[in-house]
Each structure stands twice: as C-alpha cells, then as structure tokens.
Amino acid sequence: MRSGMCFEREKEAAANVPYEGERGTYTAEMFAEDFPQFSRNLKEDDKGIRESLVPISMLDMFLFQANDSVIPSRWGSLWRYAAGLYVAHFSAMYLKTYADSSVNAAQAAVRANPTGVIRTAVMGNTSVSYDNSSITSGIEKWGAWNSTQYGQQLVTLARMVGMGGMYVI
C-alpha cells in the first residue's frame with residue numbers, strides 16, 4: 001500500500017498537477033514594486049507614497065485570479081514574474097476601457113472596441129484604419145492574451161514552462 005502512495009505522488013509530480021490547495025502568494029505590494037507603471041506618486045516631494053491606478057477592488061480580483069492560476073510549483077523561479085505579468089495584463093485591459101464616468105451607454109461601450117496596429121493613416125479629412133488580425137487570429141489559441149505585451153510575454157513564458165526538458169547536442 002505504501003508503494004502505491006509513492007507511485008501516485010510521483011505520477012502527480014510528473015503530470016505537473018499542483019498540490020491540493022496550492023496557490024500563489026503574489027501581493028499588491030509586489031505588483032507595485034515589479035510594475036510601477038500601474039501606480040503614481042501621491043505627492044511630488046514624497047516618492048514613497050504611491051497610489052494604484054487600478055481600483056483596489058479590481059486589483060484584488062486580478063491578484064486573486066493570478067494566485068489561483070499561476071501555480072508556484074509549476075513556474076519555479078519564473079513564478080513571481082509570471083504572476084505579475086498576469087496581473088499587469090488584466091490591469092492594462094481594464095485601464096483600456098476605464099473612464100471616470102460616461103455620458104451615455106454608447107460612450108461607455110465604445111471604449112470596449114478592440115484596436116490593433118494602425119494599418120493606414122491619412123491626414124487630410126483624418127482617417128485611420130486598424131489591423132486587428134493579430135488580436136482576433138489569436139482568439140482561438142490564446143484568447144485576449146495577444147492584446148497586451150504583458151499577455152504576450154506571459155504566453156511566451158507559459159510555452160517555455162510547459163514544453164518540458166530539452167538538450168543541445
């Protein structure tokens with residue numbers, strides 16, 4: 001019976017299954033330190049007091065999701081950076097649609113339109129067109145992760161973490 005328990009434990013480790021109840025411990029303080037672009041100084045003369053640009057309720061939710069999704073035993077030494085990229089991606093997505101308030105529903109909804117790389121821009125009578133293919137073509141595989149550089153970096157790391165061992169001849 002004891003050897004069966006050892007086998008199961010080894011099988012779970014080999015299958016990259018997280019330990020029961022395992023979750024990360026990434027914090028708002030870590031995020032503020034790792035990604036200062038998502039906060040601002042409250043006072044110009046005091047660089048130590050910072051305020052999150054992401055509402056605390058949303059930041060807490062992104063942190064909770066990151067700690068459930070980016071499991072330390074799977075990511076090893078990349079864990080902190082990966083958890084930060086997760087939070088940064090969702091924070092950037094949130095801030096892309098952020099406004100203090102909207103006059104009407106249409107104004108609120110227009111912020112949710114996806115924007116890709118500018119394909120053409122004309123100056124006279126102003127016209128801009130976007131190439132959204134880099135965002136929409138990735139939906140089948142990686143969803144909205146392609147819509148921020150943070151998400152793209154996280155996906156790249158996830159591919160490396162999930163690919164297993166390799167060697168060079």
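A residue counts as buried under 20% relative accessible area, as exposed over 50%, and as partly exposed in between (1.4 Å probe, protein chains only). This is a predicted model, in which local features need pLDDT of at least 70 and side-chain atom pairs count only at pLDDT 80 or more, while totals for chains, interfaces and linings use all residues. Residues are numbered from 1 along each chain as its sequence is written, and side-chain values use heavy atoms, with hydrogens and water left out.

Let's start with helix 5, which covers residues 79-96. Helices here are DSSP runs (H or I, at least four residues), numbered from the N terminus. Among the buried residues of helix 5 are Trp79, Leu85, Tyr86 and His89. Its buried residues pack against helix 2 (28-34), helix 3 (56-69), helix 4 (72-75) and helix 9 (149-162).

Now for the salt bridges (a side-chain nitrogen of Lys or Arg within 4 Å of a carboxyl oxygen of Asp or Glu). The structure holds 4 of them, including these:

| Pair | N to O distance |
|---|---|
| Arginine 23 and aspartate 68 | 2.9 Å |
| Arginine 80 and glutamate 33 | 3.8 Å |
| Arginine 80 and aspartate 34 | 2.8 Å |

Arginine 80 lies in helix 5 and aspartate 34 in helix 2, so this pair ties together parts that are 46 residues apart in sequence. Glu33, Asp34 and Arg80 are linked in a network of salt bridges. Arginine 80 is partly exposed, at 28% relative accessible area, whereas glutamate 33 is exposed at 60%.

Notes: Helix = DSSP H or I, 4+ residues; strand = E, 2+ residues; numbered from the N terminus. Expected span 1.5 Å × (residues − 1). Contact = heavy atoms within 4.5 Å.
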